[in-house]
Structures are given as C-alpha cells and as structure tokens.
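Me: I would like to learn how to read the strands and the overall fold of a model. Please take me through one.

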Amino acid sequence: MSQVSETSARHVAIIMDGNGRWAKRRALPRAMGHKRGVEAVRTLVRSLQGTGVECLTLYAFSSENWKRPEEEVSDLMNLMRNFIRSDLDEFVENGVRLKIVGDWRALAPDIVEMLEDALERTANGSHTVAVALNYGSQQEIAAAARAAAAEGEITPEAIERHLFTADLPPVDLLIRTSGEVRLSNFLLWQMAYAEMLFVDTLWPDFTPEHLQAALDDFATRERRFGGR
Ligand code: IPE
Ligand code: IPE
Ligand code: MG
C-alpha cells in the first residue's frame with residue numbers, strides 16, 4: 001500500500017492509446033479494442049480510492065479524432081452512450097465527480113443531454129474523473145486567450161482561469177500507453193511541469209497495477225520547477 005505524501009500525484013492524466021493495435025494483434029475488429037478499452041477505464045476508476053489521486057483526466061476523444069472513418073466515430077460515440085448508462089449509478093455511489101473537458105456540447109444532442117444529467121448527479125463527488133471529449137489543447141488555449149483578452153489582460157493567470165481545467169490542480173503525471181511518445185494536442189498548458197511516463201502497454205491491457213507502478217515511479221522523481 002503506497003502512502004499519500006508530498007510525492008503523491010494529485011492529478012494524473014492519461015492518453016489512453018492502443019485500442020486499435022490491441023484488436024489488430026488478436027485479429028479482432030477495432031470496435032472490440034475500444035470496447036475493452038472502456039472496460040479498462042471502468043476497472044481503473046474503481047481502483048482510485050486509496051491511491052491519493054484526486055483527479056484523473058482521461059483522453060477519450062480528441063478534436064482530431066473526427067478524421068477517422070465515420071463507422072469508427074459512431075462506434076466510439078455509442079460506447080460513450082452505453083458507458084454513461086451502465087456506470088453512472090456506480091460513479092455516484094463511489095463518490096466520483098464527473099467532469100468533461102473539451103467542446104462536448106458540440107456532440108450529438110442525446111449525448112449532451114446524458115452528460116448534463118451525469119454532471120448534475122455526480123456534482124458532489126469527492127474525487128474527480130475528468131473525461132476529455134472532443135478536446136484539443138490548442139483550441140482550448142486560443143479560446144481562453146480570447147476570453148482573457150475580452151476581460152482586458154492576457155496573462156498566464158488570466159488564461160488559466162478560462163481553461164476547462166480552471167478548477168483542477170496542475171497535471172502532476174502524464175501517462176501515455178501504447179509506446180507512442182507524443183502529446184497529440186492534450187493538456188499542453190496544464191502539463192508545463194508535469195512528469196511524463198510513456199509505457200508500451202496497450203490501453204485495454206492497462207490495469208490498476210500499472211497505475212500503481214506509475215505512481216511509484218512518480219514518487220521517485222525530483223521535481224524542480226526551474227529552481228535548484
Ligand atoms: C485510442 O486507441 C482510442 C482513441 C483514440 C479513441 P486508438 O484507436 O488510437 O488505437 P491505435 O493507436 O490505433 O492502436
Ligand atoms: C490520442 O490518440 C487521442 C486519444 C487517446 C483519445 P490518437 O491515437 O488519436 O493520437 P495520434 O493520432 O496517434 O497522435
Ligand atoms: Mg492511437
């Protein structure tokens with residue numbers, strides 16, 4: 001059991017990558033990889049208590065993922081619908097505060113409605129699970145800078161107040177699965193001083209034990225924030 005201390009990561013962000021390759025390796029349809037990816041999310045969210053993680057931000061659908069074939073986009077949207085339907089009660093029972101980051105109001109009206117209901121029902125949760133949906137960090141920063149300018153000053157603090165994540169601590173630890181070493185337009189501002197961990201595990205194979213190993217690795221890092 002790891003202890004919650006100063007070296008604990010309060011905010012962990014994950015780029016959940018590799019569903020397609022997971023399916024391909026098994027000669028299964030991509031949709032099956034995404035389905036197993038959702039199961040990995042469910043198991044991970046259940047395991048959060050006791051880890052010291054106050055906020056887990058999950059990259060589920062990027063603003064660039066619209067470039068994928070229509071059928072895959074529609075599979076992903078249906079998985080989202082099913083996930084909310086099947087897991088919302090459990091989120092409420094387990095004290096999860098759901099948060100959505102990204103331009104989620106541009107999604108299909110029925111999904112927007114389901115998400116609004118889910119946000120309302122989980123509003124009093126004690127730990128946050130933030131899901132990035134139709135999210136692009138450059139778009140987020142541009143919009144925040146526009147809003148800051150409209151108020152009269154473009155400072156880092158003013159921009160920060162207009163980010164989707166304004167109410168969250170900065171990202172302490174970023175994990176990307178599947179061996180890709182890039183950020184793919186995720187939380188660029190929020191990760192200014194994040195520690196990063198890139199693992200080869202494909203997302204559907206990522207377990208709470210992998211998360212614990214990542215947290216243990218994080219605890220050994222020396223963070224300097226520019227000081228010495
Ligand atoms: C991540 O898995 C899920 C989403 C981006 C929605 P991918 O679908 O990107 O899987 P790979 O990278 O093709 O293996
Ligand atoms: C990033 O994965 C987005 C999500 C995990 C939702 P991608 O698979 O879309 O990223 P690239 O295209 O390989 O950079
Ligand atoms: Mg990918």
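Me: In which sense do strand 3 and strand 4 pair, and over how many bridges?

Reply: Two strands pair if DSSP finds at least two bridges between them. Helices (H or I, at least four residues) and strands (E, at least two) are DSSP runs, numbered from the N terminus. Here strand 3 (residues 96-101) and strand 4 (residues 127-135) run in the parallel sense, joined over 6 bridges. One partner pair is isoleucine 100 with valine 131 of strand 4. This is a predicted model: local features need pLDDT of at least 70, side-chain atom pairs count only at pLDDT 80 or more, and totals for chains, interfaces and linings use all residues. Residues are numbered from 1 along each chain as its sequence is written, chains are lettered from A and ligands numbered from 1 in the order in which they are written, and side-chain values use heavy atoms, with hydrogens and water left out.

Me: Which strands pair with strand 1?

Reply: Strand 1 (residues 11-15) pairs in the parallel sense with strand 2 (residues 55-62) over 5 bridges. Strand 1 also pairs with strand 5 (residues 173-176), again in the parallel sense, over 4 bridges. On the strand 2 side, isoleucine 15 has tyrosine 59 as its bridge partner. On the strand 5 side, alanine 13 stands opposite leucine 174.

Me: Are the faces of strand 1 covered or uncovered?

Reply: In a regular strand the side chains alternate between the two faces of the sheet. Buried means under 20% relative accessible area, exposed over 50%, and partly exposed in between (1.4 Å probe, protein chains only). In strand 1, His11, Ala13 and Ile15 on one side are buried, as are Val12 and Ile14 on the other. Strand 3 is mostly covered too, with 5 of its 6 residues buried.

Me: How many helices and strands does the protein chain have, and what pattern do they follow?

Reply: The protein chain holds 7 helices and 6 strands. Their order along the sequence is β-α-α-β-α-β-α-β-α-α-β-β-α.

Me: What radius of gyration does the protein chain have, and what would a compact globule have?

Reply: The radius is taken over C-alpha atoms, and the globule rule is 2.2 Å times the number of residues to the power 0.38. For 228 residues a compact globule would have a radius of gyration near 17 Å, and the protein chain agrees, at 17 Å. Its C-alpha trace spans about 50 × 45 × 35 Å along the principal axes. Of the 228 residues, 47% count as buried.
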